[in-house]
Amino acid sequence: MGAILPIATLADETAAFRTVMRHLVGAVTVVTTGLGDNRTGFTATSVASLSMDPPRLLVCLNRQSASFGTVQGHGVFCVNMLAHDQTHVAERFAGRTGIRGAARYEGAQWHQLITGASALTGSLAAVDCEVEEVIVRHSHSILIGRIRTVEVNAEAEPLLYWQGAYRLLSSVDEVLTTA
């Protein structure tokens with residue numbers, strides 16, 4: 001039987017929630033938005049299919065993120081599903097390297113889709129979206145994206161995130177980079 005983590009304070013609640021969520025395996029995506037020098041983006045595992053009819057997806061974004069204002073201003077974003085060999089892109093867009101804004105796009109090849117949002121060349125897939133609705137809840141906003149186009153590129157393994165590290169589907173024990 002696993003450990004039971006009692007929750008007495010808000011700090012305890014946050015720590016317990018963070019601990020339990022580390023057990024949820026997530027596909028790693030980079031969400032891009034903006035144009036030219038005003039491009040930015042972020043690494044996200046909080047991406048999910050919302051509806052097939054009509055096609056919609058949702059992305060959760062911290063409202064303190066520099067990307068939040070850009071998404072609102074441009075009204076479009078692209079969800080890039082990363083392949084196992086794109087850890088360096090995930091790290092750049094996660095902000096851990098200190099690189100911000102359009103500089104995050106350096107070191108990888110990008111192309112624009114219908115909305116003008118950037119798609120990562122060689123990613124597993126890209127989903128180009130217009131913002132249909134923004135729902136504000138607590139520290140984050142839920143972006144509901146109207147699918148404009150999709151691009152499926154590769155049959156490579158996906159990049160996964162579990163227990164604070166990037167992982168391969170074929171070898172859950174193999175850690176690529178620790179966060």
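Modeller: Start with Glu-91, which is found in helix α3. Keep in mind that this model is predicted. Glu-91 counts as buried, because its relative accessibility is 14% and the cut-off for buried is under 20%. Its side chain has a partner: a polar contact of 3.1 Å joins Glu-91 to the side chain of Tyr-166.

Now the aromatic side of the helix. The structure holds 4 aromatic pairs. A pair of aromatic rings is described by the distance of the centres and the angle of the planes. For Phe-93 and Tyr-105, the ring centres are 5.1 Å apart and the planes stand at 80 degrees, so this pair is edge-to-face; the angle needed for that class is over 60 degrees. Phe-93 lies in helix α3, while Tyr-105 lies in the loop between α3 and β7 (110-112), so the pair ties together parts that are 12 residues apart in sequence.

Both partners are buried. Phe-93 has a relative accessibility of 2% and therefore counts as buried. Tyr-105, at 3%, also counts as buried. Ring pairs extend the picture to Trp-110, linking Phe-93, Tyr-105 and Trp-110 into a cluster. Tyr-105 has a further neighbour in Arg-39: the charged end of Arg-39 sits over the Tyr-105 ring, 4.1 Å from the ring centre.

Next, the wider setting. The largest pocket has a volume of about 1,500 Å³. It is lined by 41 residues, and those closest to its centre are Thr-43, Ala-44, Thr-45, Ser-46 and His-140. Helix α3 (87-94) is among the elements that give two or more residues to this lining. The others are α1 (10-21), β3 (40-44), β5 (55-62), α2 (66-74), β10 (140-152) and β11 (159-162). By class, the lining of the largest pocket divides into 16 nonpolar, 18 polar and 7 charged residues.

There is also the second largest pocket, with a volume of about 280 Å³. Its lining counts 24 residues, with Val-47, Ser-49, Leu-57, Met-81 and Val-127 nearest the centre. Here β4 (47-52), β5, β9 (125-137) and β10 each supply at least two residues. Strand β4 gives the largest share of this lining, 6 residues. The classes are 18 nonpolar, 4 polar and 2 charged.

Back to the helix, in brief. In α3, Glu-91 makes its polar contact with Tyr-166. Phe-93 belongs to the ring cluster with Tyr-105 and Trp-110. Helix α3 also contributes to the lining of the largest pocket.

Notes. Residues numbered from 1 in each chain as written. Predicted model: local features only at pLDDT ≥ 70, side-chain atom pairs only at ≥ 80, totals over all residues. Heavy atoms only, no water. 1 Å grid on protein atoms, 1.4 Å probe; cavity = no way out; pocket = protein on both sides within 12 Å on 5 of 7 lines; lining within 4 Å. Points joined across faces, edges and corners; volume = space filled by probe spheres on them. Helix = DSSP H or I, 4+ residues; strand = E, 2+ residues; numbered from the N terminus. Nonpolar A, V, L, I, M, F, W, Y, C, P; charged D, E, K, R; others polar. Buried < 20%, exposed > 50% of the residue type's maximum accessible area, 1.4 Å probe, protein only. Polar contact = N/O pair within 3.5 Å; in protein donor to acceptor, adjacent residues only side chain to side chain. Phe/Tyr/Trp six-rings, centres within 6.5 Å; stacked < 30°, edge-to-face > 60°. Lys NZ or Arg CZ within 6 Å of the ring centre and 35° of its normal.
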